[in-house]
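Please look over the sequence and the model below before reading on. The paragraphs that follow go from one residue to the whole chain and then back to its parts.

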Amino acid sequence: MPFGPALIDRRTQRAGFFLGSKNEETFTFYLGGETEAPPSYRYLGEGCAVVVPGPIPLFDDRYQWLRPPTRRPEANPLRPAALATVLVASAGLLARIDRFGERYPTPYSAVVALPDEVGH
């Protein structure tokens, strides 16, 4: 999957993804094709600055690479589509994880919900 470099800011719990400077419209198009209600995001452009991790990461660094750049990024028309797909899928998964705690607030409540022939 032509995903590209990605980083995380551990203090704010935000992730950053890198696309080419002329991919905003393409990314927005693909994001709209994935869902009618996309997760919130900010697309940084001209005049913005981004802090990236250093070349030798330490375990407790605030900024860390999730996927470091391996070489100069190539122009790839599939990267905005891949990022839109992953962003929507990840937001959906995180929403389901949040709802899991509401549905099963304790391990016992999850076990009690099992049918009698499973896990007993």
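Is Asn-23 buried or exposed? The structure is a predicted model, and in it Asn-23 has a relative accessible area of 18%. The cut-off for a buried residue is under 20%, so Asn-23 counts as buried. Asn-23 sits in the loop between strand E2 and helix H1, the helix of residues 24-34. Leaving aside residues up to four places away in sequence, Asn-23 touches Tyr-43 and Pro-80.

The protein chain has 3 helices and 3 strands. In sequence order they follow the pattern β-β-α-β-α-α. The radius of gyration is 19 Å, well over the 14 Å that the globule rule gives for 120 residues, so the protein chain is more spread out than a compact globule. The C-alpha trace spans about 60 × 40 × 25 Å along its principal axes. Of the 120 residues, 19% are buried. The protein chain exposes about 9,600 Å², and 57% of that area comes from carbon and sulfur atoms. Contacts can also be sorted by separation in sequence: among those between residues at least 6 apart, 67% join residues at least 24 apart.

The strands come next. Strand E1 covers residues 6-9 and strand E2 covers residues 14-17; the two run antiparallel and are joined by 4 bridges. Within this pairing, Ile-8 stands opposite Ala-15 of E2, and Asp-9 stands opposite Arg-14 of E2. E1 also pairs with E3, again through 4 bridges and in an antiparallel direction. Here Ala-6 has Arg-67 of E3 as its bridge partner. What covers the faces of E1 can be read from its residues: Ala-6 and Ile-8 on one side, and Leu-7 and Asp-9 on the other, are all buried, and both faces are covered.

Between E1 and E2 lies a turn. The two strands form a hairpin with 4 residues between them. Gln-13 belongs to the loop that links E1 and E2. Most residues other than glycine have a negative phi. At 60% relative accessibility, Gln-13 counts as exposed.

Which side chains meet in a salt bridge? They are those of Asp-9 and Arg-62, with a distance of 2.7 Å from N to O. Asp-9 lies in strand E1 and Arg-62 in the loop between H1 and E3, so the pair ties together parts that are 53 residues apart in sequence. Side chains of opposite charge can pair when their charged atoms come close. The count of salt bridges comes to 1.

Val-50 has a relative accessible area of 47% and is partly exposed. Together with Leu-44 and Val-52, Val-50 forms a nonpolar patch on the surface, and the accessible area of these residues comes to about 240 Å². Pro-55 is exposed, with a relative accessible area of 83%. The C-alpha atom of Pro-55 is separated by 9.2 Å from that of Pro-68, which is 13 residues away along the chain.

The last stop is helix H2, residues 78-103, where Ala-91 is found. Ala-91 is partly exposed, at 28% relative accessibility. Where does Pro-38 stand relative to Ala-91? The two are 53 residues apart in sequence, and their C-alpha atoms are 8.6 Å apart in space.

How values were computed. Residues are numbered from 1 along each chain as its sequence is written. This is a predicted model: local features need pLDDT of at least 70, side-chain atom pairs count only at pLDDT 80 or more; totals for chains, interfaces and linings use all residues. Side-chain values use heavy atoms; hydrogens and water are left out. Two strands pair if DSSP finds at least two bridges between them. Buried means under 20% relative accessible area, exposed over 50%, partly exposed in between (1.4 Å probe, protein chains only). Contact means heavy atoms within 4.5 Å. Patches are made of residues with over 30% relative accessible area and no salt bridge: like charges are joined within 9 Å, nonpolar side chains (Val, Leu, Ile, Met, Phe, Trp, Tyr) within 5 Å. Accessible areas come from the Shrake-Rupley method with a 1.4 Å probe; for residues, only the protein chains shown count as cover. A salt bridge is a side-chain nitrogen of Lys or Arg within 4 Å of a carboxyl oxygen of Asp or Glu. The radius of gyration is taken over C-alpha atoms; the globule rule is 2.2 Å times the number of residues to the power 0.38.
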